Amino acid sequence: MQQKQVAQISFQLPCFFFFLLISTLATAQFTTTNTPSPPPPTTSPATSPPTNTTSPPTNTTSPTTTITKAVNITKPGCPKQCGNLTVPYPFGIGLGSGCALDASFEINCVTNATGSQTPFIWNIQVYDISDAEMRISNTINMKCFSSTGALLQDDLAWMNLGRSSPYSFSSLNRFTVVGCDDGGIINGRNFANGCPALCSSSREVVEGKCMGFGCCQITIPKGLKYFNTSMISTKNHSGSWSFNPCGYAFLGEASRFEFRGVQDLSDVNFVKKIMDNVPIVLDWAIGNLTCVEAQKRNDYACLENSRCVDSDTGLGGYRCNCNSGYQGNPYIGSGCLDIDECADPNANSCETICINTPGSYNCSCPEGYTGDGKKNGRGCIAPSSNSEFPWIKFSVGMGVGFMSLVVGTTWLYFSIKKRKLIKLREKFFQQNGGLLLKQRISSDEGGVEATKIFTAEELKKATNNYANDRILGRGGNGIVYKGILPDNRIVAIKKSKFVDEDQVEQFINEVLILTQVNHRNVVRLFGCCLEAAVPLLVYEYVSHGTLYEHIHNQNGAPWLSWQNRLRVATETASALAYLHSSAAMPIIHRDVKSANLLLDDVYTAKVADFGASRLIPLDQTHLATLVQGTLGYLDPEYFRTSQLTEKSDVYSFGVVLAELLTGMKPISRDRNDEDKNLAEYFVLSMRKNQLFQILDRRVVREGSLEQLQKVAELVKSCLHLHGENRPTMKEVAMELESLRKFTKNNPWPNGHGHEENEDEVSDLYTIPIDSNTGIDNFSGQYSSNSNTNSSNFSGQYSSDSSSLMYSTPNTNIPLIQNRRAI
C-alpha cells in the first residue's frame, strides 16, 4: 500500500509542476502586460474596514522601535494615539490634518459606534509602526470544495500599495500555501512564482514542516509594491476532502506563522487564525532620494545626533536612525537624546562607578583601587598590605625598552644601508671616470666653470625620484627626464641604458669638450653625474619638441613657413659646421635626424642627443667604428666601410633638408618599394624632372623658383654616395645663409611673380639645369624590412644590396619639368 502511494505521488508531482509552470508563466505575462499602471492603493474585498475591530497580532519578535521613546513624538497639538497604536512622526493622525510629513504618512483614525478607535491607511488596518516597518492586516486566498469536487468558495487575495507611496512589501514576509491538492501563484510587477502543497494522506503531513507536504513557503523580492494570488487544484480535493476540504494561500510575516500539520488542514477557523496572528510587514522610507542627494536639500529630515540610512528596497528613499548611545525620534523636536546608561544598572557594565558621557559611558574605580571597573573586565581590585610585584611599572619599562630596541635597530639598519649606498656611489664614481674628470677639471681653469659634477641625490630630487610624469622621451640609448635644479633651472637629464667600461677615458674627454661647446644652435651640456651604474648627462631643456614632430604633424604646423624652414635648416647647418670645424676638437654627431633637432620657445633649432657622437683627433680625418645611426638617415658609405667622417653628418643633414622640402618621412611604407626611401625618392624625382610633384605644397607656394632649385641641388650634393664629393657643412651653411638673404630681398610677394593660366596643366617653367656638377653615383639609403621609420642600430645589418646604390651618367637634366600651378 505504501509503495502504491509513493508511486501515485511521484506521478502526480510532475503533472502538477508542469501545470503549475504553465499557469505561472501565463499569469506573469498577463500581469506584466495588463497592469502597466496599478490601481490606487487598496486590497481585496476581504480586508475592507471591519465593523468589529480585532486586536493586533501578538509580536513574538519585537521590531526595533526608538522613535516612540522620545519626549515629543508628534507635532505640537497633534494626537499620538489611535486605539492601541502609538503614531510617531513622520506619521500623523488625521487626513489633511498636517500632522504627518506628507499625505502618504497620514493615519485615518476611525471611531465606531461603541467609541473604539481603529487606525487605517487607505482601507487597510494598521497594527504597529516601528523605525523601519509597518504591520498591517492580512488578506487570504481560499478555495473550498465539496466531497464530490464541486467548488463551494473561491476568495481571491491581492493588495496594491501604489507606485508613489512610501511603502513596499518587506522580505520578512513569505508566500505560504496550505493544502493537500493545491498550488499557489503570486505575481507582481516583474515578478511571478509558484508554490505547490501536496499530500495523498494525512500521514505525510509533518507538524512544523512547511516543505511541500501540506504546506509550502517561498520568499518574495524586496521593493514589491503589488501582488495578486491565485490557486489551482489538480483533483479539487476529492482525494483529501476527508481531512482537507479547503486550500489557502496568503502573504504574511514568516516568524508569525507556524504550521500545525493536519490540525491546520482541517481547521474551519484557519482564516480567522491567520487574520488574527499573521500580519503583512511593509517597509517604509522617506521620498525616493538617497542620503547623499537628500542631504543637499532643505527638506532633509534627519536631525541632530542621528544618521541617514539608505533604503535597501531598490526604490530609493531613506530613513533616520539615532546614533549609538542615543534614542528618541530623529525626525522632530530635539531629535535623538543621550541615553543615560548609568541610570540603569542593566544598561552598563560598570562594577562600582559609572560616568555618563554623550553617546556612551565610562567605568572607573574608587581611589586606591586598580582595574578597569568593568564587570566583564578586570573589575576593581582593592589595595593590599602585602607587597606585590609592580606589574604596571614592569610593563611600562618593558614597553619603553622594546620601543628603544626597535628604534635603535631601525636606525642602525638605515645607517648601514646609507653607508653601503655611499660606498656604492663612490665605486660607480671611480668606475665611470670621476677621478679622471676631476683631475682634468683641476688642470683646466675654463673647465672648472663649464663642467659640473652633479650628485645622484641632486638629480633624484630634481626628477622627483625619476617619476614617470617627468619622462620627456625614450630612445635607443636611454630615457630623458625633465628636472628642476635648486636654482629653478629646468634641465633635461639623460639616463643611459648602458656604458662601455673600456671607453671611460674617451667618455670623460667627450664630456669635457661638449660642456665647453657654446653655440646658440647646440643643446648645451651642463654636466654629468657619475654616482650611478650608468652615467647621467644634464642638458639644457628645450621646450617645443622635435622638428620631426612639427614636420609630420597631421594637423600641420602653422609656423613652418618656407622662410622658417630655410631658417631652421641654416641654424642646423651652422651648428654642425661649428661642431666639425670650430670646436676645440672636431665632433661628429653620427645621428643627425629631425628627431634630434629640438625647437625652443621661438622655434630656434638646437642640435641635441650626442649619445652616438665621436671626437676626431686633429691629426685624423676619420674613425673606424661600429656602424650606428638611424634608418633613412645613415650614410651608405659609412654603413659599407665603417669609416666615420664628417661627411657622414653631411649626408644625414641632406635627408633632413629633404624632409623640410617635401614634408615626407625618411622611410615610408605608403610609397612603393623603390620610392620607400626618401633620399632615393628625392634624387630619382630630380632625374625624372618630377621634383615639384613631391615638394610640400606650402613650400612650392612660398618659395621662389631659384631658391627651390638651389636648395634641391644642395640636397642632391649632400646625398652623394661618395663622401669626398659632398660639400662640407661649412659650405652648406654658407649656401643656405645666402639663400636666406635672397628671401629677404625677393621682390615677388608669393615667391613666383605672376603666374598665368593657373588652371591649365601645361608646364609653367622648363629651365635646363647643368648637372655636370651632379653625382656619378648616389644613394637613397637602402631598403629595409623594418616597419619603423626611425630606429637605432649598430653592428651588423643585412639589407638588399640591389637597392643600396644606383648610378646615373652625367647628363644635362632639366630640374623642373611639368610643374603645375599650386
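Student: What makes E4 and E5 a pair?

Tutor: Two strands pair if DSSP finds at least two bridges between them. E4 and strand E5 (residues 106-111) have 2 bridges, in the parallel sense, so they pair by that rule. In E5, Ile 107 is the bridge partner of Ile 93. As for the names, strands (E, at least two residues) and helices (H or I, at least four) are DSSP runs, numbered from the N terminus. Keep in mind that this is a predicted model: local features need pLDDT of at least 70 and side-chain atom pairs count only at pLDDT 80 or more, while totals for chains, interfaces and linings use all residues. Residues are numbered from 1 along each chain as its sequence is written, and side-chain values use heavy atoms, with hydrogens and water left out.

Student: And how do you know that E5 pairs with E6?

Tutor: There, 4 bridges join E5 to strand E6 (residues 117-121), and the two run antiparallel. Cys 109 stands opposite Pro 119 in E6. The hairpin has 5 residues between the strands, and Gly 115 takes a positive phi near 95° there.

Student: What makes the phi of His 237 worth a remark?

Tutor: Most residues other than glycine have a negative phi, and most peptide bonds are trans. His 237 is not a glycine, yet its phi is positive, about 60°. His 237 sits in the loop between strand E17 (226-232) and strand E18 (246-253). Another case is Ser 642, also with a positive phi of about 60°, in the loop between helix H12 (636-641) and strand E38 (643-644). On the peptide-bond side, Tyr 89 and Pro 90 are joined by a cis bond with omega about 25°.

Student: Why is the contact of Glu 253 with Arg 135 called a salt bridge?

Tutor: The rule asks for a side-chain nitrogen of Lys or Arg within 4 Å of a carboxyl oxygen of Asp or Glu. The closest N and O atoms of Glu 253 and Arg 135 are 3.0 Å apart, so the pair passes. The pair links distant parts of the chain, with Glu 253 in strand E18 and Arg 135 in strand E8 (residues 133-136), 118 residues apart. Glu 253 has a relative accessible area of 2%, so it is buried, and Arg 135 is buried at 3%. By this rule the count comes to 19 salt bridges.

Student: How do you know that Arg 726 and Asp 635 qualify too?

Tutor: Their closest N and O atoms are 2.6 Å apart, so they meet the cut-off. Arg 726 is buried at 3%, and Asp 635 is buried at 2%.

Student: What makes the largest nonpolar core a core?

Tutor: A nonpolar core is a set of buried Ala, Val, Leu, Ile, Met, Phe, Trp, Tyr and Cys residues joined through side-chain atoms within 4.5 Å. The largest has 75 residues, and those with the most contacts inside it are Phe 653, Leu 661, Phe 682 and Leu 736. Its largest share, 10 residues, comes from helix H11 (residues 562-582).

Definitions and conventions: Buried < 20%, exposed > 50% of the residue type's maximum accessible area, 1.4 Å probe, protein only.
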